[in-house]
Amino acid sequence: VFASLSLLGATYIFLSSLLHKRLRSFSFRMILWMCIFDFILGCSTICGPLGTIEEEAGIKNEDGQDIINPKLDIGSEYESSLPLTCKLQAAAIQFSIIASLLWTLCFAIHLFRSS
C-alpha cells in the first residue's frame, strides 16, 4: 500500500518537473533525483521477490502441501542458494535506499549553505 503511494507521489513530482519550467531549478533537480530513486524503491518493493515469497516462507499451496524449498541454504559461505530474482530485488532496494539517503544529505547541505 505504502509503496504504491510512494509511486504515485514520485510520478506526480516527475510529471510536475516536466510540465512546469519554473520547477527546473537546482534545488528541484535534487528533489527530482530523490524522486527517481524512491520510484525505483517503490517498484522493487511492489514487485516482491517475483514469485519466490511462497517458496521461501513455507506457505501452503492450493493442495495443502508445504512448498518450502528444502535445499535452501542461506548460510553457505561460498555460494548462496537464493534465487537470482531475490538477489536482484535486494540489490535494487539497497541501492535505491542508499541513493535516496545520499541525495537527502546533498539537499540538506545545499539548504544549509544557501540560508
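Me: Is the crossing of H2 and H4 left-handed or right-handed?

Reply: Happy to take you through it, starting with a reminder that this is a predicted model. H2 and H4 cross in a left-handed way. To place them, the chain has four helices and zero strands, and along the sequence its pattern reads α-α-α-α. Helix H2 covers residues 26-47 and helix H4 covers residues 84-114.

Two packed helices are described by the angle between their axes and the distance between the axes. Here the axes of H2 and H4 come within 8 Å and cross at roughly 160°. As for the residues where H2 meets H4, 16 are nonpolar, eight are polar and one is charged.

Now for the aromatic rings. The structure holds three aromatic pairs. One of them joins phenylalanine 37 and phenylalanine 95: the ring centres lie 5.5 Å apart and the planes stand at 80°, so this pair is edge-to-face. Phenylalanine 37 sits in helix H2 and phenylalanine 95 in helix H4, so the pair links parts of the chain that are 58 residues apart. Phenylalanine 37 is also buried, with a relative accessible area of 10%. Across the chain of 115 residues, 19% count as buried.

Both phenylalanines belong to one aromatic cluster, formed by Trp33, Phe37, Phe95 and Trp103.

Note on methods
Residues are numbered from 1 along each chain as its sequence is written. This is a predicted model: local features need pLDDT of at least 70, side-chain atom pairs count only at pLDDT 80 or more; totals for chains, interfaces and linings use all residues. Side-chain values use heavy atoms; hydrogens and water are left out. Axes are lines fitted to C-alpha atoms, for helices over the stretch in contact, and angles run from 0 to 180 degrees between N-to-C directions. Helices (H or I, at least four residues) and strands (E, at least two) are DSSP runs, numbered from the N terminus. A crossing is left-handed if the near helix is turned anticlockwise from the far one by less than a right angle, and right-handed if clockwise. Ala, Val, Leu, Ile, Met, Phe, Trp, Tyr, Cys and Pro count as nonpolar, Asp, Glu, Lys and Arg as charged, and the others, Gly among them, as polar. Rings of Phe, Tyr and Trp (its six-membered ring) pair if their centres lie within 6.5 Å; planes under 30 degrees apart count as stacked, over 60 as edge-to-face and the rest as tilted. Buried means under 20% relative accessible area, exposed over 50%, partly exposed in between (1.4 Å probe, protein chains only).
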